[in-house]
Amino acid sequence: MEKIEIIQDDIAKVKADAIVNAANESLLGGGGVDGAIHRGAGPELLVECRTLNGCSTGDAKVTKAYNLGASWVIHTVGPVWTGGNKNEDELLRSCYQKCFQRASELGITSIAFPAISTGAYRFPLERATCIALEETIAALKKFLKIQKVIFVCFGKNAFEAYQKILTEKNPI
Ligand code: AR6
């Protein structure tokens, strides 16, 4: 799976056609990835976000990326982890599916993801990473135009979890 790259960085610094934002349903900004993306993009991003009427959990909406090193931001809203009985797995799966669908509609070739829901929303990291990689492997078979998927990890823990699980899902 040479189309999948795992790096340790700040997602707001990554160059890709689209950067995925781990947003909330208001789409009006927040902390973590959302804060870094809004700071990096500049205030025009919030102006555009205000026109979108929010976003449901598990869905994804597109804006321009303004001052970021990307053409587009795909805002998705991950589920808040409340123990696993509130459809959290399927909602997180849906985030990745919708992001790839939007990427395909945009006709882009590269996309960078953060570890959606694993920060403020407390989704267990390894469980979320399995979902992220399963959906990515499926999407790369479906959307042949996408050449590069970059997972941007914040810290060594996430980086090592992604590397381990990618090797398990794709043993060669
Ligand atoms: N670059 C890459 N990864 C990051 C960065 C960064 N700059 N900052 C944090 N992470 P989170 P969520 C990692 O909380 O769990 C916001 O307030 C972080 O270590 O950004 O989906 C929104 O507005 C974690 O592994 O997103 C929502 O209200 C992962 O990115 C809420 O947080 C996601 O952490 C969404 O929570």
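Predicted model: local features only at pLDDT ≥ 70, side-chain atom pairs only at ≥ 80, totals over all residues.
**Ground rules.** I number residues from 1 along each chain as its sequence is written. Local features need pLDDT of at least 70, side-chain atom pairs count only at pLDDT 80 or more, totals for chains, interfaces and linings use all residues, and side-chain values use heavy atoms, with hydrogens and water left out.

**Ligand shell.** I looked up what surrounds the ligand and found 21 residues (a heavy atom within 4 Å). The closest are N24, G31, V33, D34 and T118. By class, I get ten nonpolar, eight polar and three charged residues (Asp, Glu, Lys and Arg are charged; Ala, Val, Leu, Ile, Met, Phe, Trp, Tyr, Cys and Pro are nonpolar; the others, Gly among them, are polar).

**Polar contacts.** I then checked for N or O pairs within 3.5 Å. The side chain of N24 has an N or O atom 2.8 Å from a ligand oxygen. A polar backbone atom of S117 lies 2.8 Å from an oxygen of the ligand. For A120, a polar backbone atom is again 2.8 Å from a ligand oxygen.

**Elements.** β2 (18-23) and α1 (32-41) each give two or more residues to the shell (DSSP runs: helices H or I, at least four residues; strands E, at least two; numbered from the N terminus). The largest share, four residues, comes from α1.

**Aromatic pairs.** My search of the whole structure finds five (Phe, Tyr or Trp six-membered ring centres within 6.5 Å; planes under 30 degrees apart are stacked, over 60 edge-to-face, the rest tilted). F100 and F113 have ring centres 5.2 Å apart and planes at 50°, so I log the pair as tilted. F100 is in helix α3 (residues 88-106) and F113 in strand β5 (residues 110-113), so the pair ties together parts 13 residues apart in sequence.

Key: Polar contact = N/O pair within 3.5 Å; in protein donor to acceptor, adjacent residues only side chain to side chain.
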